[in-house]
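I opened a new notebook page for this protein. These entries record what I looked up, in the order I looked.

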Amino acid sequence: MTITSTPARFSPAFEDALYAVRLESASETATVEVYDSTGSTRLGTKRLSGAATHPVNVSAYVRGQFLSIAPLPVQSAGVVSAPQRVVNSHIRIGATAASAPHTAGCAQPAGTISGKLLSENSANRELGPDEQDELFCIAPAGTLSAAAVFSGTTGERVSVSIGTLSLSAEGPVAVVVNAASLDEKLQRQGWRFSEFSGFTVGLASGDTTCFEASYAIRPACCDGVRLHWLNRWGGIDGHTFQQVIRQSLASEKERLEVGSGDRITRNRASEHFSAVSEPRVRSFNRWLSAVAASPRVWMVREGAYVPVEITSDEMEIHNDRLGALKIGFRTAKANYQNL
């Protein structure tokens with residue numbers, strides 16, 4: 001028996017992840033063992049028989065290993081390895097084994113993935129003075145360096161380093177773009193983050209540019225909420241909805257009848273929000289509306305990422321040309337149990 005093909009390197013886990021196995025004959029039987037990302041824990045088996053060649057789809061086993069995926073910690077900065085963004089599939093048939101790495105996406109950009117920004121928005125990102133964003137890619141091996149170049153209204157160009165990283169092999173990397181860190185570095189050159197209207201972040205491997213992303217600088221937002229979400233290419237995008245128009249607390253109570261009356265045995269509470277973005281062009285809103293379909297969404301609150309669930313069945317667009325998106329979401333339910 002032979003493993004004749006494996007999934008493409010860094011293929012999306014939320015599509016089919018297909019190995020191909022050839023047996024000696026159609027009458028032969030074999031058992032394929034599927035292992036976790038480390039290759040040490042068996043997750044399941046698949047029995048093959050009745051044909052000489054078999055596709056073996058392991059995507060369901062891979063998806064279940066992305067439970068710990070989350071944005072990188074708030075107030076971090078630099079170029080960092082992000083191994084939790086990739087999961088390896090492993091299969092074994094007797095003494096024969098094969099493996100492949102997968103991203104947490106459900107689709108893949110066209111062409112080679114190496115060094116490409118895994119986001120569908122590289123030209124119109126936004127960042128406020130107290131916010132953080134991240135740019136994710138599968139980076140080539142070598143010495144990586146990231147820098148931000150700020151453009152002033154009178155033609156000034158100021159460059160600051162974000163960080164460097166050495167990779168011994170191709171792998172998942174995130175450029176963490178932290179406004180407070182950039183402001184601190186700008187001050188050393190006599191500038192402030194708020195003095196500029198925008199900047200461009202670039203990641204390079206040696207002398208070769210991997211990707212660039214452009215940011216507009218927004219004023220600080222007091223009444224809004226920043227959401228981050230897992231995008232369809234396996235990266236994590238972020239945007240600040242400028243106004244929270246409704247916030248409420250909902251609870252569900254379970255009661256038990258006792259001799260003295262009803263007794264509350266459990267109370268599940270969750271916060272509900274409605275937020276609205278600033279008016280944007282249709283192409284920007286197409287990117288932003290992807291938050292509604294994402295399987296993982298987080299709200300930034302008090303320096304931490306809080307998982308939330310999108311409750312909107314659809315995103316409302318309040319204009320044909322410049323549209324503002326309205327979205328509803330809620331925090332995960334907290335359980336309070338009375339014994």
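Entry 1, backbone angles. I began at glutamate 302, which sits in the loop between strand E21 (297-301) and strand E22 (304-310). The model is a predicted one. I looked up phi of glutamate 302 and found it near 50 degrees, a positive value in a residue other than glycine. Most residues other than glycine have a negative phi. I also checked the surface of glutamate 302: it counts as exposed, because its relative accessibility is 79% and the cut-off for exposed is over 50%.

I then turned to phenylalanine 10, another residue that is not a glycine and has a positive phi, about 60 degrees. It lies in the loop between strand E1 (2-5) and strand E2 (11-12). Is phenylalanine 10 buried or exposed? It counts as buried, because its relative accessibility is 3% and buried means under 20%.

I noted 3 helices and 25 strands in the protein chain. The chain has 339 residues, and 45% of them count as buried. Among contacts with a separation of 6 or more, 65% are between residues 24 or more positions apart.

In soluble globular proteins, nonpolar side chains tend to be buried together. I looked for such groups here. The largest nonpolar core has 31 residues, and Phe150, Val175 and Phe199 touch the most other members. Two or more residues of this core come from each of strand E11 (132-139), strand E12 (142-151), strand E13 (157-167), strand E14 (171-178), helix H2 (179-187), strand E15 (198-205) and strand E16 (208-217). Apart from this core lies another, of 25 residues, including Ala13, Val32, Ile69 and Ala104.

I then listed the neighbours of phenylalanine 150, leaving out residues up to four places away in sequence. Among them are Val158, Val160, Leu182, Leu186, Phe199 and Ile217, and also Glu156 and Arg157.

How many disulfides does a search of the whole structure find? It finds 0. Cysteine 137 is buried, with a relative accessible area of 1%.

I found serine 59 in helix H1 (residues 59-63). Serine 59 is buried, at 5% relative accessible area. Its side chain makes a polar contact of 3.1 Å with the side chain of asparagine 57. Not counting residues up to four places away in sequence, serine 59 touches Ala13, Glu15, Asp16 and Ala17.

Asparagine 121 is in the loop between strand E9 (96-103) and strand E10 (125-127). Asparagine 121 is also buried, with a relative accessible area of 5%. What does its side chain reach at 2.9 Å? I found the backbone nitrogen of asparagine 124 there. A polar atom of the asparagine 121 side chain also lies 3.4 Å from the backbone nitrogen of alanine 123. Beyond four places in sequence, asparagine 121 touches Phe284 and Trp287.

Conventions. Residues numbered from 1 in each chain as written. Predicted model: local features only at pLDDT ≥ 70, side-chain atom pairs only at ≥ 80, totals over all residues. Heavy atoms only, no water. Core = buried A, V, L, I, M, F, W, Y, C linked by side-chain atoms within 4.5 Å. Buried < 20%, exposed > 50% of the residue type's maximum accessible area, 1.4 Å probe, protein only. Helix = DSSP H or I, 4+ residues; strand = E, 2+ residues; numbered from the N terminus. Contact = heavy atoms within 4.5 Å. Disulfide = S-S within 2.5 Å. Polar contact = N/O pair within 3.5 Å; in protein donor to acceptor, adjacent residues only side chain to side chain.
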